[in-house]
Amino acid sequence: MVREMQRRLALLAVVGVVAVAWAAALSETGVTPVASAAAAAVPPRASVARVAACPIPAALRSAFDDAATDAVIPPALLWAVAKVESNLRADAQSSAGARGLLQLMPATGRSLDLNIDEPRSNVLAGARYLEQLLQRFHSTDLALAAYNAGPTAVAEAGGAPTQETIQYVENVTALWRELRGCH
């Protein structure tokens with residue numbers, strides 16, 4: 001009787017572990033490999049509501065689409081970064097000196113040979129910089145953390161170095177997921 005009870009409990013534990021692993025895999029909010037980052041975007045649905053709900057301003061849409069195509073990243077991811085970084089303000093400037101829609105440091109702009117003070121160029125620089133981070137870290141979460149805190153801080157910490165950076169990654173990811181398929 002005791003042996004049968006032990007077998008049933010062991011089986012129940014195995015089923016529980018499998019169920020938790022399956023649920024985690026289905027609702028994963030974390031790491032997206034670089035190779036699948038572009039493929040991860042859900043194709044747009046042919047619905048009037050989806051097209052009308054796309055919040056990328058028409059004046060900026062081609063800049064985001066062109067930069068995303070150049071960097072081979074989803075436009076919605078790039079827009080989400082810009083929304084969290086500057087609230088889509090081309091004249092935004094941080095206390096650290098980051099500027100523009102995607103809040104880039106002047107040294108980053110120079111390294112990419114792009115003018116971060118011109119909105120279209122700022123978006124392209126942000127896309128190319130994010131692409132570099134995706135190639136280096138092989139995950140969207142780590143690349144976004146590096147975009148926010150710097151690649152050295154993320155490499156040294158082995159992940160997001162602060163709670164603020166964790167929140168940043170969560171905010172960008174949440175916006176990105178809401179906008180998948182938006183063009």
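Predicted model: local features only at pLDDT ≥ 70, side-chain atom pairs only at ≥ 80, totals over all residues.
**Entry 1: α4 and α7**

The crossing of α4 and α7 is right-handed.

Next I wanted to know which residues touch. On the α4 side I found S62, A63, F64, D66, A67, D70 and A71. On the α7 side I found R120, V123, L124, A127, R128 and E131. Sorted by class, the contact of α4 with α7 holds 7 nonpolar residues, 1 polar residue and 5 charged ones.

**Entry 2: the whole chain**

I then stepped back to view the protein chain as a whole. How many helices and how many strands does the protein chain have? I count 10 helices and 0 strands. Reading along the sequence, I get the pattern α-α-α-α-α-α-α-α-α-α.

I looked up burial too: of the 183 residues in the protein chain, 38% are buried. I also checked contacts with a separation of 6 or more, and 49% of them join residues 24 or more positions apart.

**Entry 3: α4 and α5**

Back to pairs of helices. A reminder to myself: two packed helices are described by the angle between their axes and the distance between the axes. I took helix α4 (residues 58-71) with helix α5 (residues 75-86), and their axes come within 8 Å and cross at roughly 120°. That makes α4 oblique to α5, because 65 to 115 degrees is the range for roughly perpendicular and roughly antiparallel needs over 145. The crossing of α4 and α5 is right-handed.

Here F64, D65, A67 and A68 of α4 make the contact with P75, L78, W79 and A82 of α5. I sorted the residues of this contact of α4 with α5 by class and got 7 nonpolar, no polar and 1 charged.

**Entry 4: α5 and α7**

What angle do α5 and α7 make where they pack? I found about 110°, with the axes of α5 and α7 11 Å apart. That makes α5 roughly perpendicular to α7, since 65 to 115 degrees counts that way. α5 passes α7 in a right-handed crossing.

I see L77, L78 and V81 of α5 meeting V123, G126, A127 and L130 of α7. The classes in the contact of α5 with α7 are 6 nonpolar, 1 polar and no charged.

**Entry 5: A127**

A127 kept turning up in my notes, and I gave it its own entry. A127 sits in helix α7. Is A127 buried or exposed? At 0% relative accessibility, A127 counts as buried, because buried means under 20%.

I set aside the neighbours of A127 within four places in sequence, and found A127 in contact with A67, A71, I73 and L78. I also looked at A127 and A68, which are 59 residues apart along the chain, and their C-alpha atoms are separated by 6.2 Å.

**Entry 6: aromatic rings**

I looked for aromatic pairs and the count came to 1. A pair of aromatic rings is described by the distance of the centres and the angle of the planes. For Y129 and Y147, the ring centres are 5.5 Å apart and the planes are at 50°, so I noted the pair as tilted. The pair links distant parts of the chain, with Y129 in helix α7 (residues 119-137) and Y147 in helix α8 (residues 140-149), 18 residues apart. Y129 is buried, and Y147 is buried too.

**Entry 7: positive phi**

Last, backbone angles. Most residues other than glycine have a negative phi. I wrote down V72, which is not a glycine and has a positive phi of about 55°. V72 lies in the loop between α4 and α5, and is exposed, with a relative accessible area of 56%.

Then I wrote down H138, another residue other than glycine with a positive phi, near 60°. Where does H138 sit? H138 is in the loop between α7 and α8. With a relative accessible area of 53%, H138 is exposed, because exposed means over 50%.

Note on methods
Residues numbered from 1 in each chain as written. Heavy atoms only, no water. Axes fitted to C-alpha atoms, helices over the stretch in contact; angles between N-to-C directions. Helix = DSSP H or I, 4+ residues; strand = E, 2+ residues; numbered from the N terminus. Parallel < 35°, antiparallel > 145°, perpendicular 65-115°, else oblique. Left-handed = near helix turned anticlockwise from the far one by under 90°. Contact = heavy atoms within 4.5 Å. Nonpolar A, V, L, I, M, F, W, Y, C, P; charged D, E, K, R; others polar. Phe/Tyr/Trp six-rings, centres within 6.5 Å; stacked < 30°, edge-to-face > 60°. Buried < 20%, exposed > 50% of the residue type's maximum accessible area, 1.4 Å probe, protein only.
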